[in-house]
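Trainee: Could you walk me through the features of this structure, one by one?

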Amino acid sequence: MTRLQDLHHPCAGTTLMSEWLTGTAGRSRTAVDALLQEWAAAQAPPGRLAQHVFLSLDGTGLFFYAQWTSDDDHLAWARARRTEVVSRVDALVPGIERPGLLRTRLVRSVVHDEKTPAGLFAVRAVAAGDVETATAPVPGLLAAHLHATSDGERTIVVTEWADAASQEAATGGDTGVKRYTHAHSFFDDHAGRRI
């Protein structure tokens with residue numbers, strides 16, 4: 001089982017996060033499968049270290065977490081190739097909503113449990129100065145990863161949980177939290193490793 005602590009790259013200058021809202025679990029799975037085919041067939045973009053895709057717990061959307069050496073490297077790839085890749089997915093799954101891309105930088109991680117597999121990943125935005133409650137140990141919280149947005153006004157907190165029940169119990173059903181399970185990862189660390 002993937003843990004975000006295993007996904008960190010010391011060379012990452014930027015972490016990109018985005019959502020695709022598909023509407024149904026079937027459309028989400030079709031979009032994931034199409035993207036996996038694109039990623040597997042294409043040469044790794046220069047500067048991309050890793051690309052991870054997560055399925056929303058209700059199946060109606062996807063969350064992407066990508067690590068690049070720099071924003072400039074990502075923008076160069078986006079100008080040259082993104083439209084081509086996305087248009088192939090859109091041909092299979094028309095009408096995907098994409099609320100936008102967040103450019104962030106990993107500020108710190110607090111790991112409470114290194115060994116338990118993560119059964120759930122949760123994502124929420126908090127005010128830049130209000131992160132301590134997001135990292136405090138509670139039953140089932142394995143780790144919290146704090147990402148500063150490029151404007152410095154928000155912190156995106158990605159948490160790893162043992163399971164959905166422990167996350168629900170700890171947060172009381174906070175509607176600002178989006179919940180995901182891991183679908184797949186590609187690592188492009190230029191050492192030939194790819195899963």
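**Salt bridges, helices and a barrel**

Mentor: Let's begin with a charged pair: Lys178 and Glu19 form a salt bridge through their side chains, 2.8 Å from N to O. Lys178 belongs to strand β8 and Glu19 to strand β1, 159 residues apart, so the pair links distant parts of the chain. The model is predicted, so local features need pLDDT of at least 70 and side-chain atom pairs pLDDT 80 or more, while totals for chains, interfaces and linings use all residues. Residues are numbered from 1 along each chain as its sequence is written, and side-chain values use heavy atoms, leaving out hydrogens and water.

Trainee: What counts as a salt bridge?

Mentor: Side chains of opposite charge can pair when their charged atoms come close. The criterion is a side-chain nitrogen of Lys or Arg within 4 Å of a carboxyl oxygen of Asp or Glu. The structure holds eight salt bridges.

Trainee: Is Glu19 buried or exposed?

Mentor: Glu19 is buried, at 18% relative accessible area, whereas Lys178 is partly exposed at 39%. Buried means under 20% relative accessible area, exposed over 50%, and partly exposed in between, with a 1.4 Å probe and protein chains only.

Trainee: How far apart in helix α2 are Arg88 and Glu84?

Mentor: An α-helix has 3.6 residues a turn, so residues three or four places apart point the same way. Arg88 and Glu84 are four residues apart in helix α2, and are therefore separated by about one helical turn. Their side chains meet in a salt bridge of 2.8 Å, N to O. Helices (H or I, at least four residues) and strands (E, at least two) are DSSP runs, numbered from the N terminus.

Trainee: Where is the kink in α2 centred?

Mentor: The kink is centred on Arg81 and amounts to about 55°. The bend at a residue is the angle between axes fitted to the seven residues ending there and the seven starting there. Buried residues of α2 are His74, Ala78, Val85, Val86 and Val89. Their cover includes β1, α1, β3 and β4, with contact meaning heavy atoms within 4.5 Å.

Trainee: And in which order do the strands of the barrel run?

Mentor: Strands of a sheet pair through backbone hydrogen bonds, either parallel or antiparallel. Here eight strands make a closed barrel in the order β1-β3-β2-β8-β5-β7-β6-β4, with antiparallel pairing. Two strands pair if DSSP finds at least two bridges between them. Strand β5 (residues 120-127) has eight bridges to the antiparallel strand β7 (residues 154-161); Val126 has Thr155 of β7 as its bridge partner.
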